[in-house]
Amino acid sequence: MEIPVDKLDGVAVAAVPVDELDASNSGEFKRDITPVLQSHTKLVLDLRQLRFVDSSGLGAMLSCLRQLSAKGGDLKLCSLSKQVRALFELVRMHRIFEIYGTKEEAIRAFQN
Amino acid sequence: MATQQCSVEDTAALQESIQRHARYSLGKAWCDLSARDRFVAVALAVRDRMLDLSLETEDRYRRSDAKRLYYVSIEYLIGQSLGNNLQNLGMRESCRQALINLGADLDEIEESEPDAALGNGGLGRLAACFLDSLATLGMPGNGYGINYEYGLFKQEIDNGYQREKPDNWLAHSSPWQIARPDETCVVPVYGRIEHSLDRKGGYNPMWMEWKVLLGLPHDMPITGYGGRTVNFLRLYSAHSSHDFDMGIFNDGDYFKAVQQKITSETISKVLYPSDTAGAGQELRLVQEYFLVACTLRDIVRTFEQAHTSYQDFPAKVAIQMNDTHPALAVAELMRILVDEKNLEWEEAWETTQAALAYTNHTLLPEALEKWPVALLEHVLPRHLQIIYEINRRLLEQVAQVHPEDKDRLGRLSLIEESTPKQVRMANLAMVGSHSINGVAAIHTQLLETSLVPDFYRLWPERFNNKTNGISQRRWLLKANPALADLIRSVIGDAWITDLDQLRALEKCAGDAGFQREFRKVKRASKARLAQVIGDSSRMKPDLESLFDIHVKRIHAYKRQLLNVMHIIHEYLSLIEDGRQPTAPRTYVFAGKAAPGYWLAKQIIKLIHNVGRVINNDSRAGQWMKVAFIPDYRVSLAEKIIPAADLSEQISTAGTEASGTGNMKFALNGAITIGTRDGANIEIREEVGAENIFIFGLKPGEAQAMLRERSYRPHEYYDRDSRVRRVVDAFRSNLFCRDEPDLFAWIYRSILDENDEFLHLADLSAYLDAQENAAKAFNDPAAWTRMAILNVARMGKFSSDRAVREYASDIWGIEA
């Protein structure tokens, strides 16, 4: 999948470009986000398009966080729909990720 | 409201609406509609009215920010809805006239509606009656359940043997249901726990690698009598999160992809018959969790529409668990509050206990649900963690008071240390609830003293009794309109919403004119039932005979066998001793046996074989007939119960929690012959000992006999020649000439000291009680007086009374 990446104030902002991130496409997502993870340490995943994420999709995002943490970086999430936010809460992943309402808030959090 | 007027305006509007639905919902001209189409068109027209009222009701609740009850039950035995809805809306006569104008007949259309058999028996029917009462009382209470595609199986009889046929009641979808896809719930199952740390370094168990089910709600509007309130029953269908798993599909395994979708949808495919513990365990566990998860997701969604702080939750939410099937609600609500809403454990626990309440429905220890720990961990790994933590805290609390009492700790523990280890769902329900209730006075007493005494000692304040009840709208006004009309002609119709008003009938009990009318109504009901019997067996019952009726699930503890023993006694007395029965009788049975319950199915065969011998013996012809009506269900019960003279409620004392059939029969003027069990005891208190035939062991005596192993069936066999002759008949092949020794197991089983249902301990007393009943029946004036007094004194057993008690003592909801 083609993941659009913007760089704003030293922070990479990658938009997850699908409505559903699940077993059918999470492998593809992991593969295509890898170059972004390799070339950045501060990453915001913009989930505004996402409407549903299953456990393999959540696992893919967790893997991103771990890869960045391992090299001293961090991953923040923004623009979660109510349904997607509920799925993070369901598995307690909202306690692992920093989640922000907007892209700007997430970028600001990196700067602070 | 009761005398349903038929206004020209209502009739015209309804007729127009029916025709509109025929044309625009079904796309057919009225003259081209099939019988089912006609039912659907009428139902949709009626549903329109209900939806208007439903929106008004919801608006009323929202404006007052009412506390709401969520009644969670894995079964709802609804039966047919059209007649009940028309009656409660006051539209029946308008509808009848509208259909006459269209050249159709309302009775035929009502009869064509398939029963919604989303339940096995009493537990599900109780839930349906409670919904009727909640709506009639104007209380904010909705039901939550599963939208089974296949309800309880259809029963057919082949050479006396039960055969099961699937009941695909949703094959053509139900016109009463409205799907709400926008409120679909995501339900995770399976997976594993990943032990990680959160951003603050605290322990953070994450539930990973779960599979997703989707719960699609379907609402059935429930109209209260008078039409002021329309609540709903929300039933969830399970769906796959995708049409196909495209990952599997893309790998080329089309059939596996389809299979996965089918597996997800299997969750709500079929109602489990009762008494099938062990069969399909995993599916049943997922089914129970599916119900709980969907319900709680909906409760939280509704709560958050008007509130932000979970401190308000118990003031706005009451959740009643109808038996242990929804007991996972304890762990699920804790999971939501702790994991999703970030409450501290203690606050979450107080909130959970304050919102949840549990109704126990069984005294049979083997019927208390347990799930293997390994299975629960496999299906719900996070919930098992939570259950363990609840248990740790419980046992710590108990150990502070009883540090040396390891046995007590073992009994209270949520985990049974058996092989394999099991989670005790009743213990989970009790520890997580602020209220634990039994369903009849004796049942609650036995709950406290015998079934779970350790819990009672720990939290006596949580235990309370709520004797079951039935809706008089369904079981008298609708099922027996002729009796309802007769009662109305004498005392008016206030009893329809206040059953205590029936007391006013007492003054008519001895009135010869009223008695005559009462007997006329009973005879007409018997004639109607005779027609039903004739349709299934070609038998013609004598309408002057005593209709002795035993209808309920077939189960050893309900002792249909004891009834058959009386029949055999009467028959052998007639043909061997030449002693004619005191009164001619028609013995009527109906009921289903769980498909895997061999003994119960044998009892059905026995009833048929005994019936075949007796019904074909000319010597017995004028005295005895035995009928078994197949496929017992709510709509059939509505025809059977009004016709009963004698109501058989003869379970072993201390085994039936309450029973509600006993109440339905008495309300329709049948006299009970029964044991001191369940609500029979309270019926006796209400109607008076002289108006009921109570016999046999007391609950304490039966329990002591079992506990002390002092039951000696051979002593009863030796002592009473009547008993001996009946028991010997089972090994004589008298009733199984084509299949020798077919019933020899009964001979062995009832002479076995391990017969836990103590048949012979009660048989002599039962035969005597039956003789007394027959003598009483031979005096029509005295019998009719008893029957009228039974009707008059049934006020206590209205589900309106029961629901009011739940509302004030447990739920804290108001009209």
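This is a predicted model: local features need pLDDT of at least 70, side-chain atom pairs count only at pLDDT 80 or more; totals for chains, interfaces and linings use all residues.
**Exercise 1. Getting to know chain B**

Find how the radius of gyration of chain B fits that of a compact globule with 815 residues.

Solution. 
- Step 1: Begin with the rule, by which a compact globule of 815 residues would have a radius of gyration near 28 Å.
- Step 2: Chain B has 27 Å, which agrees.
- Step 3: For the overall dimensions, take the C-alpha trace of chain B, which spans about 90 × 75 × 60 Å along its principal axes.
- Step 4: Turn to the interior: 53% of the 815 residues in chain B are buried, a residue being buried if 20 or more other C-beta atoms lie within 10 Å of its own.
- Step 5: Now look at the contacts in chain B between residues at least 6 apart in sequence; 75% of them join residues at least 24 apart.
- Step 6: Finish with the secondary structure of chain B, which comes to 33 helices and 25 strands.

**Exercise 2. Two helices in chain B**

Work out how helix H2 (residues 35–64) and helix H3 (residues 82–89) of chain B are placed relative to each other.

Solution. 
- Step 1: Follow the two axes, which come within 11 Å of each other and cross at roughly 35 degrees.
- Step 2: Check the handedness: H2(B) passes H3(B) in a left-handed crossing.
- Step 3: List who meets whom. H2(B) brings Phe39(B), Val42(B), Ala43(B), Val46(B), Arg49(B) and Met50(B), while H3(B) brings Leu82(B), Asn85(B), Leu86(B) and Leu89(B).
- Step 4: Sort these by class, and the contact of H2(B) with H3(B) has 8 nonpolar residues, 1 polar and 1 charged.

**Exercise 3. A sheet in chain A**

Trace the open sheet of 5 strands in chain A and find its edges.

Solution. 
- Step 1: Read the strand order, E1-E2-E4-E6-E7, and note that the pairing is mixed.
- Step 2: Strand E1 (5–8) and strand E7 (98–100) of chain A each have a single partner strand, so one side of each is left without a neighbour in the sheet.
- Step 3: Zoom in on one pair. Strand E2 (residues 11–15) and strand E4 (residues 42–46) of chain A run in the parallel sense, paired over 4 bridges.
- Step 4: Pick out a partner: Val13(A) has Val44(A) in E4(A) as its bridge partner.

**Exercise 4. Helices across the sheet**

Which strands of chain A does helix H2 (residues 55–70) lie across, and which does helix H4 (residues 103–111)?

Solution. 
- Step 1: H2 of chain A lies across E4 and strand E6 (74–78), running at about 145 degrees to E6(A).
- Step 2: H4 of chain A lies across E1, E2, E4, E6 and E7, running at about 155 degrees to E6(A).

Definitions and conventions
Residues are numbered from 1 along each chain as its sequence is written. Chains are lettered from A and ligands numbered from 1 in the order in which they are written. Axes are lines fitted to C-alpha atoms, for helices over the stretch in contact, and angles run from 0 to 180 degrees between N-to-C directions. A crossing is left-handed if the near helix is turned anticlockwise from the far one by less than a right angle, and right-handed if clockwise. Two residues are in contact if their C-beta atoms, placed from the backbone, lie within 7 Å. Ala, Val, Leu, Ile, Met, Phe, Trp, Tyr, Cys and Pro count as nonpolar, Asp, Glu, Lys and Arg as charged, and the others, Gly among them, as polar. Two strands pair if DSSP finds at least two bridges between them. The radius of gyration is taken over C-alpha atoms; the globule rule is 2.2 Å times the number of residues to the power 0.38. A residue is buried if 20 or more other C-beta atoms lie within 10 Å of its own, exposed if 12 or fewer, and partly exposed in between; C-beta atoms are placed from the backbone.
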